[in-house]
Structures are given as structure tokens and as C-alpha cells.
Amino acid sequence: MAAEKLRDLSQPIDVTLLDATVAAFYGTGSKEERTAADQILRELQNNPDMWLQVVHILQKSQNLNTKFFALQVLEGVIKYRWNALPVEQRDGMKNYISEVIVQLSSNEASFRRERLYVNKLNIILVQVLKHEWPARWRSFIPDLVSAAKTSETICENCMAILKLLSEEVFDFSRGEMTQQKIKELKQSLNSEFQLIHELCLYVLSASQRTELIRATLATLHAFLSWIPLGYIFESPLLETLLKFFPMPSYRNLTLQCLTEVAALNFGDFYNVQYVTMYNIFMVQLQTILPPNTNIPDAYAHGSNEEQAFIQNLALFFTSFYKFHIRVLESTQENISALLMGLEYLINISYVDDTEVFKVCLDYWNSLVLELFEAHNNLDNPAVAANMMGLQMPLLPGMVDGLGSQLLQRRQLYSGPMSKLRLLMICRMAKPEEVLIVEDENGNIVRETMKDNDVLVQYKSMRETLIYLSHLDHEDTEKQMLKKLSKQLNGEDWTWNNLNTLCWAIGSISGSMMEEQENRFLVMVIRDLLNLCEITKGKDNKAVIASNIMYVVGQYPRFLRAHWKFLKTVVNKLFEFMHETHPGVQDMACDTFLKIVQKCKRKFVIVQVGENEPFVSELLSGLATTVADLEPHQIHTFYESVGHMIQAESDNQKRDEYLQRLMELPNQKWAEIIGQARQSVDFLKDQDVIRTVLNIMQTNTSVASSLGTFFLSQISLIFLDMLNVYRMYSELISNSIAEGGPYASKTSYVKLLRSVKRETLKLIETFLDKAEDQPQIGKQFVPPMMDPVLGDYARNLPDARESEVLSLFATIINKYKAAMIDDVPRIFEAIFQCTLEMITKNFEDYPEHRLKFFSLLRAIAAHCFPALIRLSSQQLKLVMDSIIWAFRHTERNIAETGLNLLLEMLKNFQASEFCNQFYRTYFLTIEQEIFAVLTDTFHKPGFKLHVLVLQHLFCLVESGSLTEPLWDVATVPYPYPNNGMFVREYTIKLLGTSFPNMTSAEVTQFVNGLFESRLDLSTFKNHIRDFLVQSKEFSAQDNKDLYAEEAAAQRERERQRMLSIPGLIAPNEIQDEMLDS
């Protein structure tokens, strides 16, 4: 009954009843009561007339939650329907909100008591402003400022409103408002800033109220990044801020404001003011935080305020130096203030706090890069002059002067740079390759999870240290060796010190000249091996072992040039393979693989003083070397030896090595197959199945590194392997048929399936890595048709392996058009039955989904003629499945679907079935793409959605379609051309989908699409603006709409890094590492 009464909105709502409903929703009553209350509130919230009751509720209710509910309703109206409301309703609402805010903030008691409510009202007011101001509410800022002068509490609240407004317009506007609207609001704020500026200065000079001064400083902080510069530098603002800086209660806010000023960068016009500001600041800072303070200690024991102060200080220095360090290099006294500031910053960099360190590291990285680039371009004076910021033609005599200027600058910074090297070495982050870490109990364990923050930090530190190393190789080497000797004599020995040192040594690989690097490494490796000998204790040895492995893995160039060292290192790795400490064996196998990949030729030639190649010696002792390794480590080991064998150019030797390598697994395989010939049941034993799996995995590892040369080995086991596959498949199907759906979860069935999967993976790896030799395809594909494809079709859905799909995708991508004749057979076996599995919903069989669409994409790309030969029912199935794919919210599947769609559209446009295809599918595709484009779950697909639409609009205007797209039988009105028809269809489609947009807006958008269709970036921006306008994408994270621009930036950065020695780690460079 009560619910009915609330639902009737024809008379004023019963506020007491509403209070009770809201209380029931938030209350501790029964679950039923809460659900019923939730139901009523939702209905009210969705009722378009509910907002007319808001004022009534706000006046009558005393309950904060009820008021918040009413304001939520109002916010929805302001966001989505404001412009459609009659003027008097808009003005009424606007005035009411302003009055309530003034009334509540006019006296201290109500302002403090109703603080949360006032904050929410402020947010609502700013939402209204985004629509009304400046055009329909010109007097807003003058009204606000004059209200602020009437009382200190109103003034404090006005500051809060101004701060919100600034944040909305300058910080959160992207994706919330159209480009035009943002521009308009920024101009209004700029032009009216005079009044706000006077108000702020007036408060700071006249008020004694702490809260008001803090609110004013916070508002200034929001404004400083965009206001006209004269208000900062040609007014008493900076002096006033510096006056507040020493006072503890305003210290942090003032420092944040000064940081904003420091981060402004508009040429040299205000250099004098910057120097003055910096010098006064430094004098004051020395009294607040004396230069000899141990900052890391002070931070560790400081209060929250004090810790925030040190964070803000780091931000101030880094912002100031980033843009204005040059102005401090001019006179001697400025230089000493600069050096003192850098000293502070280095001390702050030792603070044990990730965020503080990130801020400092970010700046050190840019400073060191700048010094390095000037040093690197000394040979090219014009570039160097540009670096120095000299904009003038160079006279011949100037080049020497410039060189000396650059050298002076380097000397100026050589002290801080040396301290910075020590900082980088002491705090080096852990690289990805290191698997051995200290846990919170101080034990050395194997790492279980990769920490991405640490990896990002490592990349940045590594880059910084490489620039530092280029600036002064001698100092870098001296500091590293000095720290290493302290490890050896024990005065500095801790796990952490050794780790950071070795990570630093490994990270600068490639930055020194070869002779220097060789000399340096001989000392480092010798010292580390000594340290390993003299140190006792299992944990200590594990730490040292991990460091030796990391360092040697980073320097393939050195190992290639020194066979003795390479051999010693590899034998040391074999030693570590028997060390059962967690993580050591894994790291030994990984490092072995890494070294072999870069030095493989060295192992297959007979070295001076040896009787046979190392690989042969290794194969003789293979069984003992891998005796203590786990199966997955053995597989890595086999893969490494595969790389060595691949480097042998003599066919006969290569086959002999392969045979010796595979001797153990082949022997086991022959035994198993022999037993199975006598009794098939032998293969059903769980231990036998495990052995078969292990043999398959070993084969896959070797196939992945040997490629084509694996042919002799796979031919040996191929047919037996297919028989085992078929038999296991039948076992699985029988188990599932008898045991129902749960049978597929039993460990026995899972084990059988892993053998099937590994078999498919082995064939796929081999065919993928083998060079294009059609005869290999002819030899291996036909025998698989029935055991693999036929088996897939015969199996129950739960027993089908998704790897079958990826195997055939690989085969088609590899043998391309040669497979056209087999497509109908593949289609028949796979298509219908897989579609039935994946179109019931979006969740089941995720693996099959992605691989199915990848297979389809391979067919569309390489065997398109086979698709044209399909019947129209089959083609409809293909198109439906593509639409099904891009409707997925799972990103990979949607992207594969969209890419596939683009290829199909282009291929059909070029074929003789162009008209027929587009007549059937054009409108469906357009409608479906608009549906995902405008629904917020599919943002990541934005770039591809745009490309599909661009293709469609270009197509109708290009004249490729010679027949009408509309159905002549049902549409009486003949359109002059397809372009006109599509225009009208699109306007109708979007008009019905977005009733909140006027038909003029929709028409303008559609016309804009046709006009900008030939220029992708205009076309894309046009769509971005439409998405904001249609209010589908507001108040959310819109970075996916800008993903493409970010990717282009990343590629430019990689090209830059390739040009500096050492910046890209030796293991990331795809070279055959000239190891002749």
C-alpha cells in the first residue's frame, strides 16, 4: 500500500514515507525489506517526473540519505535531459540550489553541520554550470565573488565551488564534453579571472581564519596551471605564497602552489622572477629542513604531514628543474643554490617510499638524458647548439666555444652525477630474469608472482644508469668495483647490497667499449666466483648463484669472445642444476637457454685445446647433467641443446647429434609402443600416460628450437603418435558418454586430454617452424585428416580440443592457397559443430571461440575463393558468426572478429559478387557496428569500428555498387543513389537509438561522416565527439578511444632507443649475434 502511495507522483510525495523507505534500504532489517525498498527507489529514480519532487523532498526531509537520493535523481536529469527542460523549470532549479547553498554556508554552525550535503550541492551546481554558463548565466562569477565578500564561511564555500569548476573544465573534460564546449568554458574562465584573483589575494592578506586560508590556497592550486601569467608574476601572489611557506599549517598547500608555478613553461620572459622565487625558497627551506638532516630517517619516523612535505618537496624540485634549471646555471651564487637543491633531491631519492622514488627517478632520467644527448652530439655542433637552447646561426669560431660550454656544463654536474651513480647502484630494481627473492620472513625463495611496478622501475633505472655510464665510464666502473670489493672483504656484505650491485652491473651491458667491458667483466666474474667459493650457507650461496647467472646472461658479447670463460660459466650452470635450492635450477636452465641462443656456434666447433665440440661432450654426459632436474626444466634444457644442434651446418653430424639427444625419450617411446602392440590396455595405465606426455613435451621443446631439421625425428614417431591420439580420443569420448559432464573433470580424462593437446602442439610447432617446403605439408597433412579432423567432428562437445582449430589455422597460414581444396573438408568437420558450442552464450568454451575465429581469419586471408564457393546458407553462417564475434566483450575475440570482417569486406568488394554480398549484408553490418560502437562495453574496439564504418561509407560513395541496396519490391520510393539511401537509413537508425538527440544533431553527424570519410583522423574525431554528445560515454575512462595515438608514440621511442648503445638489452636485439 505504502509503495503505491509513493509511486503516485501526481501530488507532492509523502516525505515521511520516503524517509522510512530510504531508512529500510540502508537499515539492518530483513533481506526482504531491503529488496522491497530497493525496488521502490529504483522505480522512483527511473520515473521521468520524479525530479519535479526534488525541491519538495529537500525542504521537508531531515534525513541526509533521503536528500542524497533526491540529489541523485536531479543529477541524472542535469546530465542527460537538462537542455530539453523548459526555461522556467531550469531557472527555478538553478536559483533554488544557489539559495540553499548560500543559506547553509552563511553561518559557521550550519556550514560545519551540513558539510557533506553542501559538498554534494556544490557538485550539482557545477554540473548545471557546464550547461548554463557562460551563455545563459553571464553574471555567475560576479555574483559568486560578491556573495563571497559577505561572510567568511560563504567565501570558503565559494572557493570550493571555484576549485570544482576549474577541475571539471581543465582536468576531467576529455570525453565528457565536446571540444567546442571545453574551449568556450576555458575562455570564459580566463576572461573572468580578474575578479577571482582579487578575491584570493584579498583573503590571503586580510583573513585570519585557518580553514578559509587553506580553502583559498587549495583553489589557487587548481587554478595556477592555466591562469594568465601576469596574475602570477606581475602581482603580489608569489611573495604572498612565499610568506605562507614557513608556517607549518599552510606549508604543504603553499608548496603545492609553488610547484604548479614551477611547472609552468612559457619561454624566458619571467626568468628573473623564477630565480628570485627559487633563492628565497632555498633560504626558507634551510630553516625548515637543515641541509644536514638525514632525510630517509626523518621520513621513516615523520608524521603524515611531514611525509607529505617531503613528497611535495620532491615534486617542487623536479618540476622547477625540469623547466628552469638553465636559469640557475648563470651566476656563481645561483649555481651554489642549484647544487644545494640537487643535494636535497639526491637525499630525498634515498627515502624508502615507492611514490617518492618514482618522482625523483623520473626527473633524474630526464636530466641525465639531456646531458647525455648534448655530450653525444658534440660531433654535430648544430644539434648541440639546439640542445643548449641557442637559436642562432653558428659561426666557424663558435664551435669550439660551444664545445667548451658543453664541457663546462658537464663539469658543473659531474659531482651530483657521481652521487647519482651510487644512488642508482644502491637502489637498482630487480630485473625480470631474476627468480630468487627474499620473502617477508627473510628466507630466500623462488619468486611466485612478477611485480609489474618493479619491472617498470627497473627499465627506467636501467636507462638512467646507461646514460650515466656513457657520461663517465671510468667513474661507473670505479664505483661498481669498489662496492664489489666491499662485498668480498665482508664490510658491506648483505644480500640486498650484492643483489642491487649485480643488477646494476648486468643492466649496463653494451654501454662500454668492448676492451673496457672485457677488462671490467673479467674482474667482476672472477670476484663473484671467488665469493661463491668463500661464502658458507645455503641461502647465501643461492643469492650469489643467482647473481652470477644474471650477470653472465647479460653479457653474450663477452662470452662469445672468451671461450674459456664461456665454458667455465656453462659448467658452473651445470653445477647449479644439481643445487636443489628453490629457484636456482630454474634460473640455471633459463640462463643456459639464453646464453646458448646468443653463442650457439661456439658449441658446435672444436675449440683450441679441445678434442671434440662441446655439444658432443655435453651429449655424452647428458643423463647425469639432467639427473636432478624437474620435467619442465629438462624440457628447457633440451630446447637449449636443440639450438646448439641447429647451428651445426653439416647434415650428417646434425642428424647424429639429434639422434643422441633424443636417445632416452626414443628408447622409452619404443618400449611403450612395443608393449602396446601386445596389449592395448598397457596404454591406459596412468603412469604410462604421464610418460607419453613427458616424451611429447620433450619432442615439442626440441622441435621449437630445431625447426625444419626436426624432420627425421618427427617422421620416426608420427604415425604411432596419431594412433595413440586416436585411441586416447576414443577413451575420452567413452568416459564422458558413460560418466556424464563431470567425467571431463576427472584427473584421468584431464591427463588423456593433455596428451592429445601436446600431440597437436608438437605437430603445430614443427609445421610452424619448418621452412616453406610444400613436401613437408604433403607428407604430414593428409594422414591427419581423419585421426584429427574426423575425430573432432565425431567427439562430444566436451571432448573436442581447441588446439585442432589452431593447428589448422597454422597449416593454412603456412601453406596458403595450396590448401584451397581442403577447405570444404575442414569446414564440414569443424564449422557447424563448433558454432553450436559457442553460440549458446558468450561464456562457454572460451578457447574454442578465439581459435575458431583465428582459423576463419586464416581461411578468409589465404583461401578466399573457397569462401565464395560456399552455399548462401553457409555464407550466412560465416557472417553471423563474425557478427557474433565482435559483439563479444572479450577483447581478443572482438578484435579478431573485426579484423576478419574488414578482410571479408575488402575481398568481397574486389570480387564479382560485390553487389550480391553487400545487398544482403550492408545494412546489417552497419547497424551491428553502430550498436557496439555506441555501447560502452566495446570501447577497446573503437579503432576497428571506425575503420569498418569508413569502409562502408567510402564504398557507397565510390560507385563500386551498381545495384540498389534497398529492396525494390518493398520500398516504393526510388532513391537517386545508394549514398542517399544510406544517409537516410543511418539518420533513421541513430534517431530511433538516441531519442535524447534532436534530428538536426543526428543529420549533422551523418552528413559529417560522409564529408570526412576520406580523412581517417577527422572521421575518427567526428565520431568521438558524437559519442560524447549522445551521452553514451560520459564520466568514464576514455583512453581506449585514443589508443592508436599512444601506439605510434611507443614505436618512435623504440627507434630512438635502438640508436644508443646498451639501451636495448642484448637479449632483446634480434641478431644472430655474429658468433662466427
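Residues are numbered from 1 along each chain as its sequence is written, and side-chain values use heavy atoms, with hydrogens and water left out.

**Colour by confidence.** pLDDT is the predictor's confidence in each residue, from 0 to 100. The protein averages 88, and 95% of the residues score at least 70. Now select 387-399: the pLDDT is below 50 there, although this stretch has 18 contacts in the model beyond near neighbours in sequence (contact: heavy atoms within 4.5 Å). Where pLDDT is low, the predicted coordinates should not be read in detail.

**Select 37-103.** UniProt lists these residues as "domain: Importin N-terminal" in an unreviewed entry; such annotations may be inferred rather than shown by experiment. The stretch is 76% helix and 0% strand, with its end C-alpha atoms 32 Å apart. Helices here are DSSP runs of H or I, at least four residues, and strands are runs of E, at least two, numbered from the N terminus.

**Select leucine 204.** You are in helix α12, residues 193-206. Is leucine 204 buried or exposed? Leucine 204 is buried, at a relative accessible area of 4% (buried is under 20%, exposed over 50%, partly exposed in between, with a 1.4 Å probe and protein chains only). Leaving aside neighbours within four places in sequence, its contacts are Ile213, Thr216, Leu217, Leu220, Thr240 and Phe244.

**Go for the rings.** The structure holds 53 aromatic pairs. Rings of Phe, Tyr and Trp (its six-membered ring) pair if their centres lie within 6.5 Å; planes under 30 degrees apart count as stacked, over 60 as edge-to-face and the rest as tilted. Pick tryptophan 133 and phenylalanine 140: the centres are 6.2 Å apart and the planes at 70°, so this pair is edge-to-face. Tryptophan 133 is buried at 0% relative accessible area, and phenylalanine 140 is buried at 3%.

Next, phenylalanine 245 and phenylalanine 309 have centres 6.2 Å apart and planes at 25°, so they are stacked. This pair links distant parts of the chain, 64 residues apart: phenylalanine 245 is in the loop between α15 (237-244) and α16 (251-262), and phenylalanine 309 is in helix α19 (residues 304-324).

**Last stop: charges over rings.** Lysine 94 lies over the face of tryptophan 137, 4.9 Å from the ring centre. Arginine 983 does likewise over phenylalanine 1010, at 4.4 Å. The criterion is NZ of Lys or CZ of Arg within 6 Å of the ring centre and within 35 degrees of the ring normal.

Notes. This is a predicted model: local features need pLDDT of at least 70, side-chain atom pairs count only at pLDDT 80 or more; totals for chains, interfaces and linings use all residues.
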